[in-house]
Amino acid sequence: MAPSDHPTSKGQAWFCTTGLPSDIIIEVDDMTFHLHKFPLMSKSRKLHEMITEQETNIVISTRIQKPAERDNDAGDGDEEIEEEAEEIDEDQQCCISFPDFPGGSETFETAAKFCYGVKIELSATNVAPLRCAGEYLEMTEEYSEDNLISKTERFLSQTVLKSIKDSIKTLNSCKNILQLAETLGIVQRCIDAVAVRASVADPSLFGWPVNDAVEANTRRKVATRTGGMDSWFEELGHLSLPLFKRLISAMKGRDLSSEVIESCLMYYAKKYIPGISRSSRKASSSSIPSENEQRELLDTIITNLPAEKSSNASTATRILFGLLRTANILNASEASRAALERKIGSQLEQATLDDLLIPSYSYLNETLYDVACVERILGYFLNGLEERLTASIQGEEENSVRSAALMLVGKLIDGYLSEIASDNNLSPEKFCELAVALPDQARLFDDGLYRAVDVYLKTHPWISEAERERICGVMDCQKLTLEACTHAAQNERLPLRAVVQVLFFEQLQLRQAIAGTLMVADVAPGDIPRLSILDGGEGDRESGEEEETTGVVGVARAQEGSSMWRNAVRENQVLRLDMDSMRTRVQELERECSTMKKTIQKIDKVGKPGGAGGGEKGGGGWRSKLGCKFKTQVCDSHEPTVVEGRKGRTHRHHRQ
């Protein structure tokens, strides 16, 4: 065909405008191609044989219709048949149908252009169908030089199979010609190429288009400038599930990085399973599989998940929780759900509170959230810690990492308890089981646990006193901060025993803090020389407390460059103010007691039957009537203690 001649299509008909009328019609799918037999016969052995056979049949049928002419020309043989074939009318031209042509009408059109000598553009998406078309039409090198089979094979080996992205594109183009592509080995070659090149790719480029390991450094620089590039996983998401499963199996067979395999699975799951991400309830693919297909896909994803902990654990954990919610909705197998829970448990410290709030989809559960599921996940997490501890001798650094993970999970579970505590259907047993599941070292303070207990008691006012005490028993009052103790001491929802414990440990903490600070104030200034400014002012001091205050100021000035001493002095001053406040309160109580004592004495004098001295002896008075036998000097014992303590501190500072 001359360069100026162009093939055209009109509706469902395709014409090659070479200036010559077409002499063959080929039907592929719903398209009719009006072509010329000689260009096709020069490249395709199959078309040559089919056209020759059909022309022979036409000639034979024509000669049967004209018996007289056939008898006269009986000795001419094959040459005569060929001459008659050239004289066939247009209404008797060859017509060939290919109902199952590989790649359909579009691929046949490209193959026909190749037969006419038109330059065709090979790509990763059309090379596999064209390779199958060349095989179907028998366009071999033996039949014609530089034929379609050899051309497509060179492009496959030299271009497509050297790129992960192109290999996946070609693999995806085989889904409609799978049987013939399998026979020609195209599918397996593409799968092997992806697995091999992904195994040698730079892990630091994971998530970006790794077309070749040699380009790793270049792509890292480009990605830094552009802020990231499209991932070859986008092409991976177009694969059918059978091809995707074969690709994952090949990757695992090559001992590919678990990070790559897991990310492939996550991307594919997000594309076809809706509800994986809470931010986007829709799948990224326009075609949503049916429930059975989603269940099969979910089982495939879960079965192939690596057991190792993910490097990007926070993102992976969020997707794993999405898979778990979907597994509950689709009623996946128990084995699949257990595998997901075990995988989540291995990296639970990366989860968020929103991840743990898994709705209860079963009618058997009365609670709003699936508490039993979270309890199982927590069990897997704790078992994993124990296994890692007993498997090998751990170093200090790994022990610290494990302790940090345990404390993160402790904070997470406390937050989860606070959220589910407002559920009216949550039983005290379930609440207590989850609260005490963590070891003591998981919580530095029990403030978060106290908040959960407070929410539960507020939401469940009908529970018995024994259950209230059991609920409060999950927290350790010794591990409450002063702020939490202050709140708990005034909390009317707590049982009396819990309040007493809180008050006891609050006073214990205050006493220890005051004793420790006073010890620092007594010992530390003696080891530090006083400043000269303090030497000239001793005669002007009138009280021991002023000397103590000035001494503290001197210590602060002497250690002006040390932040530790400044903090100690500041804490000293705060505690001293607290003690002054306590002294004032005690004095007020003493005055009230003194007033009450005088009032009682007046009442006793008025109530004596025989005058001033017969109240006690005669059994009269209001105390004897009420059965009260306490002494009136109930508050006197406090005053000497306070005075002695004040004098002791004054004398001690004078000695210093």
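Helices α6 and α7 cross with a left-handed sense (the near helix is turned anticlockwise from the far one by less than a right angle). This is a predicted model, where local features need pLDDT of at least 70, side-chain atom pairs count only at pLDDT 80 or more, and totals for chains, interfaces and linings use all residues. Numbering starts from 1 along each chain as its sequence is written, and side-chain values use heavy atoms, leaving out hydrogens and water.

**The α6/α7 pair**

- The contact (heavy atoms within 4.5 Å) involves V127, L130, R131, G134 and E135 on α6, and L148, I149, T152, E153, F155 and L156 on α7.
- Sorted by type, the residues of this contact are six nonpolar, two polar and three charged (Ala, Val, Leu, Ile, Met, Phe, Trp, Tyr, Cys and Pro are nonpolar; Asp, Glu, Lys and Arg charged; the others, Gly among them, polar).
- The axes of α6 (residues 127-137) and α7 (residues 148-158) come within 8 Å and cross at roughly 150 degrees.
- That makes α6 and α7 roughly antiparallel to each other (angles over 145 degrees).

**Helix α8**

- In α8 (residues 164-172), the buried residues are I164, S167, I168, T170, L171 and N172 (buried is under 20% relative accessible area, with a 1.4 Å probe and protein chains only).
- Those buried residues pack against α6, α7, α10 (186-199), α12 (233-236) and α13 (241-253).
- S163 caps the N-terminal end of α8, with a side-chain oxygen 3.4 Å from the backbone nitrogen of K165.

**E235**

- E235 sits in helix α12 and counts as buried because its relative accessibility is 17%.
- Beyond its neighbours within four places in sequence, E235 is in contact with K165, I168 and K169.

Methods
Axes are lines fitted to C-alpha atoms, for helices over the stretch in contact, and angles run from 0 to 180 degrees between N-to-C directions. Helices (H or I, at least four residues) and strands (E, at least two) are DSSP runs, numbered from the N terminus. Angles under 35 degrees count as roughly parallel, over 145 as roughly antiparallel, 65 to 115 as roughly perpendicular and the rest as oblique. Buried means under 20% relative accessible area, exposed over 50%, partly exposed in between (1.4 Å probe, protein chains only). A polar contact is a pair of N or O atoms within 3.5 Å; within protein, one must be able to donate a hydrogen and the other to accept it, and residues adjacent in sequence count only if both atoms are side-chain atoms.
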